Amino acid sequence: MSGMPSREDTFPKLMARNAAIRGGRAAMRRKDLGIWQTWTWSEVDEIVRAYAQGLRELGLERGDTIAIVGSNRPKLYWSILAAQCLGAIPVPVYADSVAEEMAYVLEHAQVKLAAVEDQEQVDKVLSISDRLTGLTHVVYDWSRGLRDYDHTRLHAIDDVIEAGRAAFAKDPSARAALDASIAEGKGEDISIILYTSGTTGRSKGVMLSAERSIAAATDTVTFDKLDENDEVLAYLPLAWVGDHYLNFAQGLVAGFCMSCPESPETVQQDLCEIGPTFYFAPPRVYENLLTRVMIRMEDASAPKRKMFAYFIDVAKRWGEKILNGESVPFSGRMLYALGEVLIYGPLKNVLGFSRMRVGYTAGEAIGPELFSFYRSLGLNLKQLYGQTEAFLYVTAQPDGQIRADTVGPLAPNVEVRITDTGEVVFRSPGMFLGYFRDPERTAETMTPDGWVKTGDAGFFEPGSNHLKIIDRAKDVGRLATGALFPPKYVENKMKFYPNVKEVVAFGDKRDFVTCFVNIDMTAVGNWAERNNVSYASYQELAAHPQVYDMIAAHVEEVNRSLAAEPMMGGAQIKRFLILHKELDADDGELTRTQKVRRGFIAERYQPLIDALYSGAAEADISTEVTFEDGRKGVISARVKIRDCKIWPASREAAATEKAA
Amino acid sequence: MRAPGDGHGTTAGEVLLAVEGVSLSFGGVKAITDVSFDIRKGEIRAIIGPNGAGKTSMLNVINGFYHPQQGRIAFKGETRKRMRPYVAASQGIARTFQNVALFKGMSTIDNIMAGRTLKMKTGFFWQCLRHGPALNEEIEHRKFVEEIIDFLEIQAIRKMPVGKLPYGLQKRVELGRALAMQPDLLLLDEPMAGMNLEEKEDMSRFIIDVNNQYGTTIALIEHDMGVVMDLSDRVVVLEYGRKIADGTPAEVSADQKVIDAYLGVPH
C-alpha cells in the first residue's frame, strides 16, 4: 500500500487504513432475514469505493452536498463514506422529520443527491422536489413498493454499487482516479454538516472538519480505552451528533464494529444479542428499562421477588463501592459475588448490558437513585456534557470520578471558561467551523477570540474540577438580593424524589424562592395505602397535612443541599404549596412533551403566587379545567401554604459567592 | 424469491377466475342467486355490499368451502368440480378470515410457517428426525418466511405468541400466513375490520405492495368505502345475494342502484 497516506486526516483514509491493518475484522453488522450478517473492513472498503464510483457517475463531485435520510442502516453509513471519498459533503437528516422540515434542510443545504432508506422517504423527497432545484438523483436502500416509480432519477443503492464495480472492471484507470480523489481529501475540508434538531427556531447546519472530528474522536477513544475489540449498537438517530460521533467517528478511529438494528422496533432484542461494550442512552431510556424490570418483578413468584429485593439491597450497599475501588468488607464482597451469579448477571444479560464496559448518559439531569441503581449492578455508567458545535464532548467523567450531580471534568484538550453572566463557553478539538450559510448566527455563537457559547449556565464545583450545568442561560434569573436563581436546577432537585411529580419554582426579581408542587399520585397513593391515610381524590390527598409534612421534609433536604453549594444558597425554597390539581397538557399548563409552561402557569395561578409572597397561610383559587371528553369545568380550592427552614449558606460556598 | 403466480402460463389481463351463474342456498335461505363475474390476473378486485349481501358466502364458494347448487366456477381456465378447500389451496388460492383465525399459542414464525405446509415435500419420517433433506427444506422455507416477515415489518414480534399481539398485528400475521402459500389468488375477508386509521393505512399499503411486488391477484371484501375506492381496480356489488353492479370504483359509486342499496330508497 504505497499510496497510503502517512497520517489519516479524513474518514475515507481511516477506512482504507482499517482495511489494510485489520481487513479481516468485523466492521459492521446488520440482522437480515433474522440472521446477523457481517461485513469486514476490507469488504466495507470495497463496497464504499464501488459506491463512490457509482455516485461519481451520477454526477456527485467535490464540494457537492448529499442528503442522507433514514434509520441506522449500513448502506446509509456507506453513503456517508462514499460521498466523503469524492470530497462531497454528507448532510444527514432526521428520518422522522415531516416533509416541511426536510424541505427546509435540503433546500438550505443545496443538496444535489439524496440517499434515502425506503419508499416513505422517497415519497417525502419527491413531494418537495419542486422546491429542490439542485436535486438531480435519489438513491434508495429498500425497494419495497418502489417498483412502479419512474426510475430516471431514482436508483437502488445496490444498482449504484454494481455500476461502480462494472466501471472498475471496464476501466482500470477509474480505480486509480478514485484513489487519487481519496488522497486529495484534506483534513481541513468540511467532512459533514449536521443540522441541529431545531428546538430553538430554525435548525442550523453545523459544519465539522475531518481533522477536527478525528482529533476529538481520537482523544475520547484513548480516554475510554476503546479498541478494535469493542462493539456498539447504532440505534440513535443517524442525523444526531451522538450517533455520528460515538459510533461512526469513534468506530473508524478505533476500528471497532458497529451493528445496526434489524428495525427500530427490535432494538431491545438486538441489544441483547449483540451485547455492546460501549453504550449510550439518554436518562429516559434507563428510566424506562428500570420501570420495565420492576413491573416484571412484581409478577414474579414470591421466592424470586424476595431474592431480587435482597440482592438489590446488597448491591445498593456495596455495588458502587466495589465499582469505585473503595474498601469493602470481605462478607460484602462475597454477598455481592453471589448476587452477581444469581441476580445481577442474568438481569444484565436480559438488558443487553452483559459486556458493557463503558456506558454514557447525557441530555438531561439523571436522578441520583436511577444512576446509582445501574452503577450498583456493576455497570460503568458515566455522564458527559456536549454539543453538536463541539462535535460532542465538552466534559466527561473518567473512571473512578463518577457523580450523579455533575457532568464531570473537562474532556481531554477541551478548555472551558465561565463568563461573567455565568454562561459556559468552550474551545475543543472537535469544535465546529461555523453554521452552513449562516454567518450571522455563527457570529452570535462564536466569540471573536474563538470560543463557542453553549447557551448553558454552569459552574465548576469548588474543591473538584467537575462542571455543573444548572440551566439554559436565558432561563437563569436573579433574586432581588442579587443571588442566582436557576429554576430548573431547583425543580430537578425536587423532582428526584419519587413523591414529587412536577415542580414550578418562582423567584426571578423577587425576595425569595417559592414553588408549586404536584405530588405523584402513584407514589403518594401507595404511601397513603400503607399508612392508612384515606382520601377520595387527588385534591384531598394533596391537601392532607401528612402529605404536606412529607413534602416539607423534601424541601428542607433540598434546601440543605442547595446551601452546601456555591452560589446556590440564595435559591433555597422558603415557601411552597401543593397544587389542588395536576398540571395537564390539556389545560395548556404543560407542553405536549410534558415540559412546564412557566409563563402560562404564573398567569393562571396569579392569586396563589401573590399569596406565596404576601405571607398568607392559605389562598383561594378557582381554575377552569378541561375534562377528557372535552367538557370544561371549574375546580375551586383553598390551598395551604407552608414555610420552610432556610439553611445558612456554607462558609466556602459563601466565600466563592463573594468571590464570584 | 419466485413471485407467486409466475410460471403458470397466464398473462396479464387474462381471466384468472370466472364465476358464472352461481347460486347457493342453505335450505330455504338463498344466499347467492345467479351471480356472474370474473377476476383478472394481477388486479385488485373488491366485493362489496350491505350486511348479509352474500359476500363472505361468495368467498367461501370461491375457495371451495361451499358448493354452489347451480353455476360454474373456472380457475385458471379449468372448470372446477366439487372439491375441498385444501384442493383450492394447493391450486393456489389463499385467504384470510373476517375474524382472525391464527394459532394463538404459536409464535408469529410458526404461524407463517404453517402457511408453507402444502409446499413441504419431505415425508413424515424425515420431518420427525429434522435431519438431512427435512432440515434443508426447513431452512429454505424459513428463508421465505423471513422474507415475508421483512416485507410486513413484523421483525419485532417474530417470536411472540400471536395471542398476545394487538389485533392489528394479528391481522398482519394472518396476511403473512396467506402470503407464505405463494398464492395466485389471495382472498381477504374484511382485512381492515376493527382497525384504527393508522392500522388501516398500513394494511392498505401492504395490500398494494403485495399486488405490486409479487403480482398477486387479490379479491377483497371490505366495508370501508374509502379504502375500497382507493385500492381496487374493479368492484362488484352484491345485494340480497344478487349482483347489482360491476365496474371501476368510479362507475360503481355513480350507480343509482348502489347508492340506493347503501343509503336506502326514500319511500
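**Domain contacts, sheets and loops in a predicted model**

Eleven residues of domain 1 of chain B are in contact with eleven residues of domain 2 of chain B. The model is a predicted one. Two helices of chain B, H2 (85–91) and H7 (197–214), each supply at least two residues of the side of domain 1 that touches domain 2. H7(B) gives the most to this side, with four residues. By class, the side of domain 1 of chain B that touches domain 2 has eight nonpolar residues, two polar residues and one charged residue. Domain 1 of chain B is made of two stretches, 1–92 and 184–267. Domain 2 of chain B covers 101–181. The C-alpha centres of the two domains of chain B lie 26 Å apart.

Gln182(B) has a positive phi, near 50°, and is a residue other than glycine. Its place is the loop between helix H6 (167–180) and strand S7 (185–189) of chain B. Gln182(B) has 23 other C-beta atoms within 10 Å; the cut-off for a buried residue is 20 or more, so Gln182(B) is buried.

Lys509(A) is not a glycine, yet its phi is positive, at about 60°. This residue sits in the loop between strand S23 (500–506) and strand S24 (513–519) of chain A. Around Lys509(A) there are 10 other C-beta atoms within 10 Å; a residue with 12 or fewer is exposed, so Lys509(A) is exposed.

Chain A also holds an open sheet of four strands, in the order S16-S17-S19-S20. The pairing is antiparallel. Strand S16 (415–418) and strand S20 (467–472) of chain A stand at the edges. Each has a single partner strand, so one side of each is left without a neighbour in the sheet. Direction ignored, neighbouring strands of this sheet are turned by 50° against each other on average. S16(A) pairs with strand S17 (residues 423–427) of chain A over four bridges, in the antiparallel sense. In one of these pairs, Glu415(A) has Arg427(A) of S17(A) as its bridge partner.

Val476(A) lies between S20 and strand S21 (477–478) of chain A, in the loop. With 21 C-beta neighbours inside 10 Å, Val476(A) counts as buried. Val476(A) and Ala457(A) are 19 residues apart along the chain, and their C-alpha atoms are separated by 7.4 Å.

Further along chain A, strand S27 (residues 632–643) pairs with two strands, S25 and S26. Strand S26 (residues 618–626) of chain A and S27(A) are joined by nine bridges and pair in the antiparallel sense. Here Glu624(A) has Val634(A) of S27(A) as its bridge partner. Strand S25 (residues 573–578) of chain A is joined to S27(A) by three bridges, and these strands also run antiparallel. Arg575(A) has Asp643(A) of S27(A) as its bridge partner. Of the twelve residues of S27(A), the number buried is one, so this strand lies largely in the open.

Note on methods:
Residues numbered from 1 in each chain as written. Chains lettered and ligands numbered in written order. Predicted model: local features only at pLDDT ≥ 70, side-chain atom pairs only at ≥ 80, totals over all residues. Pairing = 2+ DSSP bridges. Axes fitted to C-alpha atoms, helices over the stretch in contact; angles between N-to-C directions. Domains from an automatic or database assignment. Contact = placed C-beta atoms within 7 Å. Nonpolar A, V, L, I, M, F, W, Y, C, P; charged D, E, K, R; others polar.
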